[in-house]
Amino acid sequence: MRYKFMDLKPYIYKTDDYGASWKSISEGIQGAHNFARVVREDKKVPGLLYAGTETGLYVSQDDGESWHSMQTNLPIVPINDLYIQDNDLIAATAGRSFWILDDLSSLQEYSQVEGMHLVTPKKAYRLFSGKTPKKSNQGTNPFSGVVIDYFLPKKVDSLTLRLEILEGDTVIRSYTSEKPAETKTWPGGPSPERVLTTHKGHNRTHWDFRRKSIIGIDEVFVYGSYAGSAVGPGEFSARLSYGSDQMEVPIRILPNPNIETTAADFEEQQKLLVQIDGVLTDIHKNVVRMRSVQSQLQHYAKVLQGRSQYKTLLEKANEIEILLNAWESDLIQSDQKTFQDVINFNNKLNAEWMNLKSYVDAEDPKVTQGARDRFADLMEAWKQSKEQLEALIAKDFKEFEDAFQAAKVPALVIPD
């Protein structure tokens with residue numbers, strides 16, 4: 001088929017290859033003074049057309065038999081030309097510069113949608129674009145990561161919608177539609193995870209190339225990032241689940257073509273990043289565990305205070321709490337409350353690990369000898385802390401447990 005404009009009227013005409021007949025195919029292009037300036041056919045799906053008109057963008061799924069406006073956040077503006085590059089649709093406008101519709105995959109698969117549908121995203125390049133400042137006149141950068149589109153036959157409200165990112169058979173990131181009953185945030189703490197939208201029809205989210213975030217320690221400020229490390233190039237998959245319905249699609253990540261790298265470079269970087277994520281998680285989990293122990297000790301100290309028969313037990317509880325405070329102070333800096341406090345209160349082991357991760361977790365995957373040496377130093381420090389904790393649990397916790405059993409502390413202590 002060929003397409004042509006006639007006298008700038010608000011019509012597009014279609015003919016066969018021999019020009020035997022012309023037919024108006026402008027149904028749906030609205031406006032008395034509206035007319036088409038450019039029509040482009042999708043490079044992957046025959047019959048999927050994009051029309052740039054005097055007042056905006058129109059899309060046809062049926063070779064031009066009918067059209068639908070697709071403005072989204074595009075202003076009402078004449079579109080002089082359209083071009084498809086890397087499966088993005090680029091619109092050249094009159095007076096409003098260039099606009100880009102990221103990833104046409106959802107439009108290309110629209111005819112396949114039956115019930116819940118997860119769109120296969122286009123291949124993504126491992127690029128880390130900066131976030132556009134709010135109230136800026138700059139163009140908005142695309143999301144750093146993979147755009148993920150999905151269709152729902154109705155609004156989800158009774159069950160939880162779940163999106164999982166897999167590396168092989170391992171889930172490395174998970175998103176859900178479930179809004180937490182209470183979202184607790186604090187300065188220097190982890191950011192809440194993105195919640196999936198559940199509108200009827202088209203929904204969009206994105207995966208930022210990163211593994212699951214590092215858990216936080218309640219009210220503890222850290223001058224660093226809790227974000228999980230970024231994956232390297234390779235084959236991944238996305239899995240969408242709702243009740244008994246499930247669909248999985250492949251995700252392909254390519255290296256930044258502007259950086260000279262090798263597979264060995266990425267392999268070393270990824271191995272190191274996974275280890276760093278694991279250590280940071282281990283540190284924070286153990287601090288949270290020991291804070292729970294301290295809460296129990298403080299409870300017993302409160303209810304047994306002043307009772308002479310429990311004096312030895314209380315002394316042991318106080319001794320353990322002092323030891324735990326000293327152990328924790330090597331791992332986290334609880335006196336920091338804002339980024340300015342870093343000047344007055346030095347970073348501790350967890351912040352030093354985060355600093356190393358931010359250095360290694362770069363677009364250029366080459367790991368320096370300095371990073372390797374620093375990793376070895378920090379691993380030795382964490383090894384010593386773990387051994388210290390294990391000894392404390394084996395000796396001091398055991399002594400407290402024995403004293404607790406010997407003291408026959410009642411389940412309910414009635415105040416005097």
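Predicted model: local features only at pLDDT ≥ 70, side-chain atom pairs only at ≥ 80, totals over all residues.

Trainee: Why is aspartate 282 called partly exposed?

Mentor: Its relative accessibility is 25%. Buried means under 20%, and exposed means over 50%. The value for aspartate 282 falls in between, so the label is partly exposed.

Trainee: Where is aspartate 282 found?

Mentor: In helix α2, which covers residues 263-304.

Trainee: Which residues does aspartate 282 contact, leaving aside its neighbours within four places in sequence?

Mentor: Trp382 and Lys386. Contact here means heavy atoms within 4.5 Å.

Trainee: What makes tryptophan 353 and phenylalanine 375 an edge-to-face pair?

Mentor: Two values. A pair of aromatic rings is described by the distance of the centres and the angle of the planes. Here the centres are 5.6 Å apart, and the cut-off for a pair is 6.5 Å. The planes are at 80°, and over 60 degrees counts as edge-to-face. Both tests are passed.

Trainee: Why does this pair tie together separate parts of the sequence?

Mentor: Tryptophan 353 lies in helix α4 (residues 349-360), whereas phenylalanine 375 lies in helix α5 (residues 369-407). The pair therefore joins parts that are 22 residues apart in sequence.

Trainee: How many aromatic pairs does a search of the whole structure find?

Mentor: Six. Ring pairs also link Trp207, Phe209 and Phe236 into a cluster.

Trainee: What makes lysine 43 lie over the face of tyrosine 83?

Mentor: Lysine 43 is at 5.3 Å from the ring centre. The distance limit is 6 Å, and there is an angle limit as well.

Trainee: Why do β11 and β16 count as edges of their sheet?

Mentor: The open sheet has three strands in the order β11-β13-β16, with antiparallel pairing. β11 (117-118) and β16 (201-207) each have a single partner strand, so one side of each lacks a neighbour in the sheet.

Trainee: How do you know that β11 pairs with β13?

Mentor: Count bridges. At least two are needed, and β11 and β13 (residues 146-152) have two. Leucine 118 stands opposite tyrosine 150 in β13.

Technical notes: Residues numbered from 1 in each chain as written. Heavy atoms only, no water. Helix = DSSP H or I, 4+ residues; strand = E, 2+ residues; numbered from the N terminus. Buried < 20%, exposed > 50% of the residue type's maximum accessible area, 1.4 Å probe, protein only. Phe/Tyr/Trp six-rings, centres within 6.5 Å; stacked < 30°, edge-to-face > 60°. Lys NZ or Arg CZ within 6 Å of the ring centre and 35° of its normal.
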